[in-house]
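I opened this entry to note what I looked up, one topic at a time.

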Amino acid sequence: MESIGSTISIRCLKTSMTRTCSIERMSNLKENSALTQANYIFVVQWYGKRSLIEFRWHCTYNMTGQPIPWLETRLRLITLKRDSQGICSQNLERFPPIHQWALLKLASLRYLGWMYIDIIESELRKGHFKEMYYIDLFSGPGISNIEDSSAVCYCSPLIVNDLQKQKNKRFTKMFLNDDDKERAEALQLCLDETATTKYEVTNKDANSCIQEIVPELSEKSHSLIFVDPYSTQFSWNSMKTILELDADIFFLFPTALMPWAVSVAKRPEADITNFFKECKKALEVFHNPAVRDNRSALFDLYKKDVEATRGPKTKMESVKIKGSNYYYDMLFVTKKTQVQRWWSGVTTLKSKIESYSSTDVDKTLKVILKEQSKLTDF
Ligand SMILES: C[S@@+](CC[C@H](N)C(=O)[O-])C[C@H]1O[C@@H](n2cnc3c(N)ncnc32)[C@H](O)[C@@H]1O
């Protein structure tokens with residue numbers, strides 16, 4: 001455990017420079033707490049100046065020793081004031097803002113990505129895998145405005161980029177894609193300024209993109225794949241492709257949109273025709289008068305097909321995210337071999353995220369915006 005006078009190594013996330021600092025003062029923490037180094041707030045000398053370093057990602061206590069709520073800690077990691085310098089200087093107004101409750105999805109990605117990178121990196125060291133990739137097929141522009149708020153948030157690729165820097169552990173490569181040209185270009189700009197690992201931004205349909213990525217993945221590699229479409233754009237064929245990889249998958253199933261997706265099923269271009277393993281069966285389930293909740297029944301059908309395709313080692317969990325009049329289910333798919341270390345984290349995530357409403361997100365954002373000035377500097 002760190003103490004006053006001991007030396008710690010600190011890396012600046014902006015410049016990636018590392019300095020060794022000695023701890024002058026520490027936050028007032030409860031003595032009997034089972035804390036790790038990352039829970040502290042330190043006062044250290046930084047380039048001759050006295051600086052306050054908060055280990056944001058695990059910070060559970062504030063300077064006076066009061067617990068910081070779980071959601072606040074997580075949202076601090078993925079949000080910035082709109083007028084922050086640097087990567088926020090882009091014109092974000094051209095993209096629609098994200099809903100506040102969508103931050104719960106992004107906070108979940110950060111939480112799971114944090115665990116993933118530790119677990120797979122240790123597998124790399126043991127020689128079980130040679131490379132690890134992050135694949136994000138619906139990546140967004142890098143940074144988004146948040147509706148009804150003066151904050152912006154990192155989109156999925158920047159969240160993963162940021163956590164790699166904080167952990168000083170890297171994916172071999174990040175494959176990022178968005179079929180909207182402007183968004184892909186905005187993302188490229190953000191990463192040109194901030195990325196410290198190899199990455200490629202493409203501007204294709206996600207379903208053709210994944211078929212081009214797969215041959216590039218080396219043998220004995222493992223991937224974290226984030227699939228975050230607006231609705232039913234990700235085809236079953238693409239899902240089958242990723243289920244056959246050594247990969248953990250984080251998929252946003254648009255449960256609340258199912259009635260709409262079914263209503264347009266007759267159109268030739270309808271995504272739902274390709275979205276389910278068997279569209280005919282999905283439509284039967286949806287229209288079955290004996291089914292009480294036909295949206296959930298479709299999600300259950302999807303999960304059954306995922307399990308059958310991935311095989312007996314499948315382990316899945318779903319987490320419901322609720323907006324004021326909308327919701328979706330995040331489906332997390334892994335294999336039983338990785339379950340032990342993953343599962344307690346996934347279960348914690350489920351219990352936390354499902355306990356929040358969009359009002360909780362709104363309140364928490366307001367708290368953060370009052371105080372957030374220096375926390376993003378390191
Ligand atoms: C829900 S947003 C994803 C947001 C992003 N993951 C984030 O963290 O903010 C969906 C994104 O997918 C893109 N998109 C929609 N259809 C697509 C398709 N068929 N292939 C690739 N990207 C698509 C949209 O342009 C949009 O940026």
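**Ligand site.** I worked from a predicted model. I listed the residues around the ligand and got 19. F138, G140, S156, D179 and A206 come nearest. I then sorted that shell by residue class. Seven of its residues are nonpolar, six are polar and six are charged.

**Overall build.** I counted secondary structure next. The protein has 12 helices and 14 strands. Its chain runs to 378 residues, and 34% of them are buried. I also checked how far apart in sequence the contacting residues sit. Among contacts between residues at least 6 apart, 66% join residues at least 24 apart.

**Core.** Which residues have the most contacts inside the largest nonpolar core? I found I78, L103, I225, V227 and F250, in a core of 88 residues. Helix α2, residues 102-125, gives this core its largest share, 12 residues. I followed up L103. Leaving out residues up to four places away in sequence, L103 touches L75, I78, C153 and V361.

**Helix pair α3 and α4.** I looked up how these two helices pack. Two packed helices are described by the angle between their axes and the distance between the axes. For helix α3 (residues 156-167) and helix α4 (residues 181-194), the angle is about 10° and the axes are 11 Å apart. Angles under 35 degrees count as roughly parallel, so α3 and α4 are roughly parallel to each other. On the α3 side I noted P157, L158 and N161. They meet L187, C190, L191 and T194 in α4. The residues of this contact divide into five nonpolar and two polar, with no charged ones.

Terms used. Residues numbered from 1 in each chain as written. Predicted model: local features only at pLDDT ≥ 70, side-chain atom pairs only at ≥ 80, totals over all residues. Helix = DSSP H or I, 4+ residues; strand = E, 2+ residues; numbered from the N terminus. Buried ≥ 20, exposed ≤ 12 C-beta atoms within 10 Å, placed from the backbone. Contact = placed C-beta atoms within 7 Å. Core = buried A, V, L, I, M, F, W, Y, C linked by C-beta atoms within 7 Å. Near = placed C-beta within 6 Å. Nonpolar A, V, L, I, M, F, W, Y, C, P; charged D, E, K, R; others polar. Axes fitted to C-alpha atoms, helices over the stretch in contact; angles between N-to-C directions. Parallel < 35°, antiparallel > 145°, perpendicular 65-115°, else oblique.
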